[in-house]
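Please keep the structure in view while reading.

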Amino acid sequence: MNNPIYVTYHDEEWGVPSYDDTYLFEMLLLESFQAGLSWECVLNKREYFREAFDNFQVEVVASYDDQKKLELKNNSLIIRNKRKIDASVINAKIFMEIQKEFGSFSNYIWHFTDGKIIYNQTGEVLTSSPLSDMVSSDLKMRGMKFVGTTIIYSYLQAIGVIHDHEKDCDFYINQIK
């Protein structure tokens with residue numbers, strides 16, 4: 001991979017366990033916009049997303065009205081999918097409901113593994129797992145959109161719940177030490 005944004009993301013951020021709700025919301029929003037696209041496409045637009053979505057402040061995104069959603073739909077710097085934009089507002093509201101129920105979204109997402117990191121020991125490149133199936137199902141039951149098992153698997157990798165770096169990757173080697 002020659003894209004410096006992607007390389008930096010992989011080497012310094014992807015797979016690092018996160019417990020920060022703002023970051024967890026950011027990654028959930030970005031992963032939902034990835035549906036049908038490459039992660040690199042989303043990552044290249046990340047700073048534009050950050051500006052357009054008010055620094056991923058969940059309370060602000062949850063309050064977006066039709067005018068703000070139209071503004072986002074017309075923003076050529078981000079992915080302008082109406083269904084994904086609508087879903088980001090719905091998902092923000094549900095994210096906040098989960099925060100109230102569990103004390104934080106971090107508590108919610110990490111409770112599925114009792115706070116433990118899941119290491120992919122198969123050596124295979126996976127796109128889903130029983131864990132992503134379970135989290136996806138629960139989020140869908142709560143009303144979230146664009147949270148299928150493949151998106152959630154990627155999300156769990158990104159936030160460090162699932163450790164999927166290859167065994168010869170420097171990040172993997174340093175995490176195991």
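The axes of H2 and H10 approach within 9 Å and cross at roughly 145 degrees. Axes here are lines fitted to C-alpha atoms, for helices over the stretch in contact, with angles running from 0 to 180 degrees between N-to-C directions. Helices (H or I, at least four residues) are DSSP runs numbered from the N terminus. The crossing of H2 and H10 is right-handed; a crossing is given this name if the near helix is turned clockwise from the far one by less than a right angle. On the H2 side, the contact is made by Tyr23, Leu24, Met27, Leu28, Glu31, Ser32 and Gln34. H10 contributes Ile151, Ile152, Ser154, Tyr155 and Ala158. Contact means heavy atoms within 4.5 Å. The residues of this contact divide into eight nonpolar, three polar and one charged. Ala, Val, Leu, Ile, Met, Phe, Trp, Tyr, Cys and Pro count as nonpolar, Asp, Glu, Lys and Arg as charged, and the others, Gly among them, as polar.

The model is predicted, so local features need pLDDT of at least 70 and side-chain atom pairs count only at pLDDT 80 or more, whereas totals for chains, interfaces and linings use all residues. Residues are numbered from 1 along each chain as its sequence is written, and side-chain values use heavy atoms, with hydrogens and water left out.

The largest nonpolar core has 48 residues, and Phe53, Phe105, Ile109 and Leu156 have the most contacts inside it. Such a core is a set of buried Ala, Val, Leu, Ile, Met, Phe, Trp, Tyr and Cys residues joined through side-chain atoms within 4.5 Å. Buried means under 20% relative accessible area, exposed over 50%, and partly exposed in between (1.4 Å probe, protein chains only). Among the helices that each supply at least two residues of this core are H2 (21-34), H7 (82-102), H8 (105-111) and H10 (149-158). H2 gives the most, with eight residues.

Leaving aside neighbours within four places in sequence, Ile109 is in contact with Leu24, Val135, Tyr155, Leu156 and Ile159. Leu29 is found in helix H2 and counts as buried at 3% relative accessibility. With the neighbours within four places again left out, Leu29 is in contact with Phe49, Phe53, Phe56 and Ser88. The C-alpha atoms of Leu29 and Ala87 are separated by 8.9 Å, although the two are 58 residues apart along the chain.

A search of the whole structure finds 11 aromatic pairs. Rings of Phe, Tyr and Trp (its six-membered ring) pair if their centres lie within 6.5 Å; planes under 30 degrees apart count as stacked, over 60 as edge-to-face and the rest as tilted. Two of the pairs are tabulated.

| Pair | Centre to centre | Angle between planes | Class |
|---|---|---|---|
| Tyr9 and Trp39 | 5.6 Å | 50 degrees | tilted |
| Tyr108 and Phe112 | 5.1 Å | 85 degrees | edge-to-face |

Tyr9 lies in helix H1 (residues 4-12) and Trp39 in helix H3, so their pair ties together parts that are 30 residues apart in sequence. Tyr9 is buried at 5% relative accessibility, and Trp39 is buried with a relative accessible area of 11%. Tyr108 is buried at 0%, and Phe112 counts as buried at 17%. Phe25, Phe95, Phe102, Phe105, Tyr108 and Phe112 form one aromatic cluster.
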